Amino acid sequence: MGKIALFLPKEEMLYQAHNLLPDYDLDVVEVKQTNPQGVLTEAKRVEEEGVTIIISRGLQALLLKKYTAIPVVEITMTAQEMGLLVVKAKQIVNKPNPRIAVVGFPNMFSDMSRFNELYDVDFRIYFVDNSDEIQGQVKRAVNDQCDLIIGGESVLVITEQYQIRSLYLTSTEESMRQALKTAERMDYAMSVEKRSVAQMETLIDYSDNGIIQIDGHGNIVSANGMMEGMIQKTAEEICGSHLC
């Protein structure tokens, strides 16, 4: 079983994680509130401590996937969670068919394509690829005369400047539960693969036959002792050579 770390943007998500963790077969070594400025430093630290999977959300998850080698499980808002926010937004605006916007990173959301029909709203989605685009997308939503904007902390700071109503992108335990389930499946798959590799290495090392391993391009990547004796060369000498 591998070690798991959770890097979460909000304190309320820490409570959600702690409430749910007893239900899952995971070796969670750290649950910490982090921000985009420090999450990569935290990832480097836990990687040195043997963490094999990180669970995170939004921009922090994107940064971790881009700049670290540790597998990342992204916490994604479910359609039901987003539906609850849209219903709350309608109550705040309190008018027929309000124009509701959501501003955020694509990896934070599940499918919202049918929200207009489901909730009787004019639902607008403004995705960003990095934090520098948030200001411009909020401005677009304002220019499109949206009645309310749903988003994270960075979005809400900008909506205050435009004096437009907003709603924080808060999640329930549902999205956290899905992320933990995904991490559990990923951890199991990694454990199975690790055992398979170890068994194969043992088989190769103790085989009475000469065995070499090649990659998809036909290049030698390893050889057992029996093969070294047969060709009178070490594995180091032949690794990287192309098998004709």
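## Helix 6 against helix 7

Helix 6 covers residues 134-143, and helix 7 covers residues 153-162. In this predicted model, the two pack at an angle of about 50°. Their axes lie 10 Å apart. That angle makes helix 6 oblique to helix 7. The crossing is right-handed.

Which residues of helix 6 and helix 7 make the contact? From helix 6 come Ile134, Gln135, Val138, Lys139 and Val142. Helix 7 brings Ser154, Val155, Ile158, Thr159, Gln161 and Tyr162. Sorted by class, the contact of helix 6 with helix 7 has six nonpolar residues, four polar and one charged.

## Helix 2 against helix 3

Helix 2 passes helix 3 in a right-handed crossing.

Why give both an angle and a distance for each pair? Two packed helices are described by the angle between their axes and the distance between the axes.

Asn97 lies in the loop between helix 4 (79-93) and strand 5 (99-104). Its phi is near 45°. That is a positive value in a residue other than glycine. Is Asn97 buried or partly exposed? Asn97 counts as partly exposed, because its relative accessibility is 39%.

Asn116 belongs to helix 5, residues 115-119. At 37% relative accessibility, Asn116 also counts as partly exposed. Asn116 and Asn97 are 19 residues apart along the chain. Their C-alpha atoms are separated by 8.8 Å. Which residues does Asn116 contact, leaving aside its neighbours within four places in sequence? They are Val121, Asp122 and Phe123.

Gln163 sits in the loop between helix 7 and strand 8 (166-168). Its phi is positive, about 55°, although Gln163 is not a glycine. Gln163 counts as exposed, because its relative accessibility is 77%; the cut-off for exposed is over 50%.

## Cysteines

A disulfide is a covalent bond between the sulfur atoms of two cysteines. How many disulfides does a search of the whole structure find? The search finds zero.

Cys146 is buried, with a relative accessible area of 7%. Buried means under 20%, so Cys146 falls below that limit. Cys239 counts as partly exposed, at 32% relative accessibility.

Thr234 is found in the loop between helix 9 (225-231) and helix 10 (235-238). Its relative accessibility is 34%, so Thr234 counts as partly exposed.

How many residues apart are Thr234 and Lys3 in sequence? They are 231 residues apart. In space, C-alpha to C-alpha, Thr234 and Lys3 are 36 Å apart.

How values were computed. Residues numbered from 1 in each chain as written. Predicted model: local features only at pLDDT ≥ 70, side-chain atom pairs only at ≥ 80, totals over all residues. Heavy atoms only, no water. Left-handed = near helix turned anticlockwise from the far one by under 90°. Helix = DSSP H or I, 4+ residues; strand = E, 2+ residues; numbered from the N terminus. Disulfide = S-S within 2.5 Å. Buried < 20%, exposed > 50% of the residue type's maximum accessible area, 1.4 Å probe, protein only. Axes fitted to C-alpha atoms, helices over the stretch in contact; angles between N-to-C directions. Parallel < 35°, antiparallel > 145°, perpendicular 65-115°, else oblique. Contact = heavy atoms within 4.5 Å. Nonpolar A, V, L, I, M, F, W, Y, C, P; charged D, E, K, R; others polar.
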